Amino acid sequence: FVYSEPIDLTNCDREPIHIPGQIQPHGVLLTFQEIDLTILQASQNTIDFLGIEAQSLLGKKLNDIFVDADIQFIKQAVSKNLDFDYFNPFEVRLKHPSCYPQFEGVIHRTDNVLCLELEVKSDSKISYPLSFYHLLKASLKSIVHVNDFQESTKQLVWEVKKITGYDRVMIYQFEEDGSGVVIAEAKKEELESYLGLHYPTSDIPVQARKLYCQNWLRLIMDINYKPVDIVPVLNPLNNQPLDLSNSILRSVSPIHVEYLQNMGVSASLCISLIQDDQLWGMIVCHHYEAKYVNYETRKACEFLGQFMSIELFKKHYKELEKYQQKVNELQKEFKKNLSTIPPNINKFLQNDGNRLLSLVNASGILIALEDELIVFGNTPPTNAVKKLLEWLKKNHQVELFQTNNISEYYPDFYPYKKNASGILVISIFSMNTSYQIVWLRPERTQTVTWAGNPNKPVTLAEDGTMHLSPRRSFEVWKETTQGCSLPWKKIELDAALELRNILMLTALQSSQLALEKVA
Ligand code: BLA
């Protein structure tokens with residue numbers, strides 16, 4: 001199977017990663033017919049594992065090759081329509097043993113065939129259910145005991161590191177705009193930390209996210225592997241490329257391989273974190289040498305991922321509730337401070353600066369009263385601020401205006417992006433007053449550490465076209481996201497609107513009082 005077009009930044013999310021026609025070389029793949037277990041396709045490396053050339057396996061039956069007792073259940077499972085997950089993994093032995101005495105088999109259905117994947121079983125002493133239980137018991141206990149979201153993400157990465165032994169284990173969480181951030185990390189001490197670093201949306205394209213919602217776990221044992229072809233490449237029953245979405249040996253996208261090479265990584269394991277059918281994050285494990293983790297340990301991690309998806313989401317939800325509570329308390333406080341008759345809005349605004357910042361997680365605030373400007377926190381110089389306020393008055397005199405990239409609307413503000421890339425504005429108007437509150441957020445910092453020389457130019461192919469690399473994609477992203485802050489969250493916009501309501505009401509009351517006085 002050959003991709004019809006070369007993959008680059010513009011079509012990266014069209015790369016059909018579920019049908020690569022190849023697998024990773026640390027195991028073998030066979031597809032066969034349900035009715036009589038006739039082998040239809042085989043990976044080219046069967047000679048290395050089973051001692052038989054792939055071509056000579058085609059047309060044979062599974063029970064010609066493997067010990068009957070080991071594969072007997074397949075027919076039963078098919079006739080009773082049982083889920084293969086009840087049997088995976090199972091022991092598979094060759095009728096005529098060659099280099100390896102036994103394998104660990106995993107089976108699933110894809111398109112209209114069954115797909116058997118075999119990995120060499122290294123330790124015959126493992127008894128699955130028991131060690132699986134032992135692997136998980138301590139981890140689950142230590143994670144469940146923690147109440148707070150951040151603390152439990154920390155526990156989780158250390159537990160996964162303990163179970164698997166990877167050099168670095170991270171939780172990568174997606175932001176609302178599809179980019180992501182490393183929110184927890186367990187690593188070997190001497191490694192540089194990635195905690196808090198942001199990465200672009202394109203690092204994990206749409207089709208990959210979709211696939212990861214379906215298949216929760218991926219292993220790359222050795223990033224320098226040579227992919228192994230499946231022969232014939234088309235499934236003979238339907239003449240289509242074999243769908244490897246649920247395969248455990250699927251060869252991964254070459255672009256992603258290059259990405260990991262750029263990062264200096266040699267092996268990886270990645271587990272999805274999903275809630276309500278949405279991929280909200282991933283546990284990403286890196287190793288700086290080739291590394292194999294057996295199926296059982298992978299499954300234990302997958303189980304932790306599934307369990308934690310629910311736990312973490314619950315805890316995350318609790319944090320949101322806590323934030324909402326804090327907002328409610330602030331609002332109450334604001335109402336109290338405005339309850340003098342007549343309410344002294346100016347005094348309130350001058351005294352409550354810090355609390356106003358924390359209401360929407362901003363780092364600076366401008367309050368433009370009719371004849372006075374109050375600034376608080378990190379703000380650009382007064383001259384620049386005054387010009388921004390004039391521009392806002394002319395162009396965005398609305399209840400609420402927000403952007404995470406003000407220079408896109410108002411380029412004059414670009415030089416101040418360090419203090420003010422994102423702005424959130426509420427305008428309060430009544431009969432005798434009108435003013436604005438402007439919250440500011442700094443540019444989101446993007447830093448990434450690539451292995452090798454960071455100044456190495458982008459590779460040029462012989463025909464002069466620019467060769468895409470993830471490093472290049474990062475540079476593009478860095479350029480396009482200059483002057484952008486983290487986006488304002490819905491819950492923060494709601495808090496700002498609610499404050500506006502309180503201030504509007506107070507302003508109305510004071511106009512009323514003023515009218516009564518005149519009368
Ligand atoms: C896949 N990209 C991924 C995966 C991760 C990342 C975690 C899943 C890989 C896996 O399951 O092993 C990204 N990895 C990261 C990030 C960090 C990390 C952000 O460690 C941060 C610490 N990638 C690019 C560009 C393209 C691209 C420019 O950078 C496309 C043009 C594609 N990434 C890409 C593809 C996959 C991927 C196609 C799917 C790989 C596969 O499963 O076949």
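1. Start with the largest nonpolar core. This core has 40 residues, and the members touching the most others are Leu156, Val157, Val160, Val169, Met170 and Ile283. The biggest contribution comes from strand β14 (residues 267–275), which gives 6 residues to this core. Bear in mind throughout that the model is predicted.

2. Take Val160 as one way into that core. Beyond its neighbours within four places in sequence, Val160 is in contact with Val169, Ile283, Cys285, Cys301 and Leu304. Two of these partners, Val169 and Ile283, are also on the list of core residues that touch the most other members.

3. Ala184 is worth a look next. Ala184 sits in strand β8 (residues 180–187). Is Ala184 buried or exposed? Ala184 counts as buried because 23 C-beta neighbours lie inside 10 Å, and the cut-off for that label is 20 or more.

4. The surroundings of Ala184 can be named. Setting aside residues up to four places away in sequence, Ala184 touches Thr153, Lys154, Leu156, Val157, Met170 and Ile171. Lys154 shows how the chain returns on itself: Lys154 and Ala184 are 30 residues apart in sequence, yet their C-alpha atoms are 5.5 Å apart in space.

5. Now the whole chain. The protein chain has 519 residues, of which 33% count as buried. The chain holds 15 helices and 20 strands. Consider contacts between residues at least 6 apart in sequence: 64% of them join residues at least 24 apart.

6. The chain is divided in two. Domain 1 covers 12–317, while domain 2 is made of 338–446 + 481–518. How far apart do the C-alpha centres of domain 1 and domain 2 lie? The distance is 50 Å. Contact between the domains involves 4 residues of domain 1 and 4 residues of domain 2. On the domain 1 side, the touching residues comprise no nonpolar, 1 polar and 3 charged.

7. Inside the order, strand β2 (residues 27–32) and strand β3 (residues 39–43) run antiparallel and are joined by 3 bridges. Thr31 has Gln41 in β3 as its bridge partner.

8. Strand β19 (residues 422–429) is mostly covered, with 7 of its 8 residues buried. Strand β18 (residues 400–403) runs antiparallel to β19 and is joined to it by 4 bridges. Strand β20 (residues 434–441) is also antiparallel to β19, with 8 bridges between them. Specific partners can be picked out. Phe401 is bridged to Val425 in β19, and Leu424 is bridged to Trp439 in β20.

9. Finally, a helix and its end. Helix α4 (residues 68–79) has 12 residues. Its span from first C-alpha to last is 17 Å, close to the 16 Å expected at 1.5 Å a residue. Just after α4, Asn81 takes a positive phi of about 55°.

Methods: Residues numbered from 1 in each chain as written. Predicted model: local features only at pLDDT ≥ 70, side-chain atom pairs only at ≥ 80, totals over all residues. Helix = DSSP H or I, 4+ residues; strand = E, 2+ residues; numbered from the N terminus. Buried ≥ 20, exposed ≤ 12 C-beta atoms within 10 Å, placed from the backbone. Contact = placed C-beta atoms within 7 Å. Pairing = 2+ DSSP bridges. Expected span 1.5 Å × (residues − 1). Core = buried A, V, L, I, M, F, W, Y, C linked by C-beta atoms within 7 Å. Domains from an automatic or database assignment. Nonpolar A, V, L, I, M, F, W, Y, C, P; charged D, E, K, R; others polar.
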